[in-house]
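Here are my notes for someone opening this one for the first time. Have a look at the fold before reading on.

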Amino acid sequence: MNHAPFLANQLSTRSPFIELCGVSKTYEGAVDAHPALYDVSLAIDAGEFVTVVGKSGSGKSTLLNLLAGLDKPTAGQVLVGGVAVHQLSEHELARWRGRTVGVVFQFFQLLPTLTIAENVMLPMDFCNTYPRAERRPRALALLAQMGIADQADKLPAALSGGQQQRAAIARALANDPPLLVADEPTGNLDTRTAEEVLGVFQQLVSGGKTLVMVTHERDLSRWHTRAVELADGQLLAAPASTFHPAQP
């Protein structure tokens with residue numbers, strides 16, 4: 001799947017790739033309601049690497065789940081690439097998410113009984129985005145891009161944490177999505193390995209991906225284009241984007 005025309009259109013029009021407009025999310029409990037996000041508005045351009053910071057319980061993961069279509073807002077609008085994600089049915093969401101969003105988790109979430117290559121092929125199998133004969137070669141190419149092609153036929157348990165996270169990133173890239181979301185992807189890694197993973201993310205953004213990453217780390221200015229901060233479900237005064245993508 002080639003998203004180049006889509007990305008080129010986003011870059012040429014300068015319209016935000018992601019728009020959250022007055023987004024609130026409340027979870028209904030057995031006794032009372034728990035507000036996780038309140039009136040959040042945010043715009044992110046195509047090709048940005050945005051980190052979302054804040055204390056535990058500030059709403060960071062909820063924000064990421066809304067962007068990825070894993071949850072729906074109680075109020076407000078979530079638009080990604082011009083698609084009103086909040087209005088999609090569950091069936092439409094599954095199809096949209098499989099082709100548009102790659103998700104990277106803190107604890108990798110690789111299926112333990114499948115080889116690394118099979119884990120990377122799984123999104124292609126689910127979405128039928130590539131002919132069957134092309135899926136393993138594509139998986140191997142992505143693993144080579146991540147520097148772990150030699151681990152392709154091993155089970156996840158045989159890999160180090162850093163290697164597993166690289167495999168998880170390869171899986172997130174399987175269907176060539178324009179958007180990557182990552183929830184504390186370096187939280188389970190040592191400092192050196194975390195920096196390697198951040199370097200991989202930076203390369204992917206340089207290649208045209210848009211990345212939104214939740215993290216507890218506050219100083220990632222070396223890697224990201226900007227940071228936004230949440231506190232008690234509200235977006236603190238966020239710097240406007242100063243990101244200027246190169247013209248295609």
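The points below go from the whole chain to its cores, then to one residue and a few strands.

1. First, the ground rules. This is a predicted model, with local features needing pLDDT of at least 70 and side-chain atom pairs counting only at pLDDT 80 or more, while totals for chains, interfaces and linings use all residues. Residues are numbered from 1 along each chain as its sequence is written, and side-chain values use heavy atoms, with hydrogens and water left out.

2. The overall picture: the chain has seven helices and ten strands (DSSP runs numbered from the N terminus, helices being H or I of at least four residues and strands E of at least two). Of its 248 residues, 50% are buried (under 20% relative accessible area with a 1.4 Å probe, protein chains only). The accessible surface is about 11,700 Å², and carbon and sulfur atoms account for 52% of that (Shrake-Rupley method, 1.4 Å probe).

3. Contacts next (heavy atoms within 4.5 Å). Take those between residues at least 6 apart in sequence: 73% of them join residues at least 24 apart.

4. Now the inside. The largest nonpolar core has 38 residues, and Phe49, Leu143, Ile169 and Phe201 have the most contacts inside it (such a core is a set of buried Ala, Val, Leu, Ile, Met, Phe, Trp, Tyr and Cys residues joined through side-chain atoms within 4.5 Å). At least two residues each come from α4, α5 (132-145), α6 (161-172), β7 (179-183), α7 (191-206) and β8 (210-214). The top contributor to this core is α7, with seven residues. Apart from this core lies another, of 30 residues, including Leu66, Ala68, Leu88 and Val101.

5. Leaving out neighbours within four places in sequence, Leu143 touches Ile116, Ala117, Val120, Ile148, Ala149, Ala152, Ala167 and Ala170.

6. Is Asn119 buried or exposed? Asn119 counts as buried because its relative accessibility is 1%. You'll find Asn119 in helix α4, residues 116-127. Residues up to four places away in sequence aside, Asn119 is in contact with Leu110, Leu111, Leu114, Pro156 and Arg171.

7. Last, the strands (two strands pair if DSSP finds at least two bridges between them). Strand β1 (residues 18-28) runs antiparallel to β2 (residues 33-44), with eight bridges joining them; Val23 has Val40 in β2 as its bridge partner. β1 also pairs with β4 (residues 75-80), in the antiparallel sense, over five bridges. There, Ser24 has Ala75 in β4 as its bridge partner.
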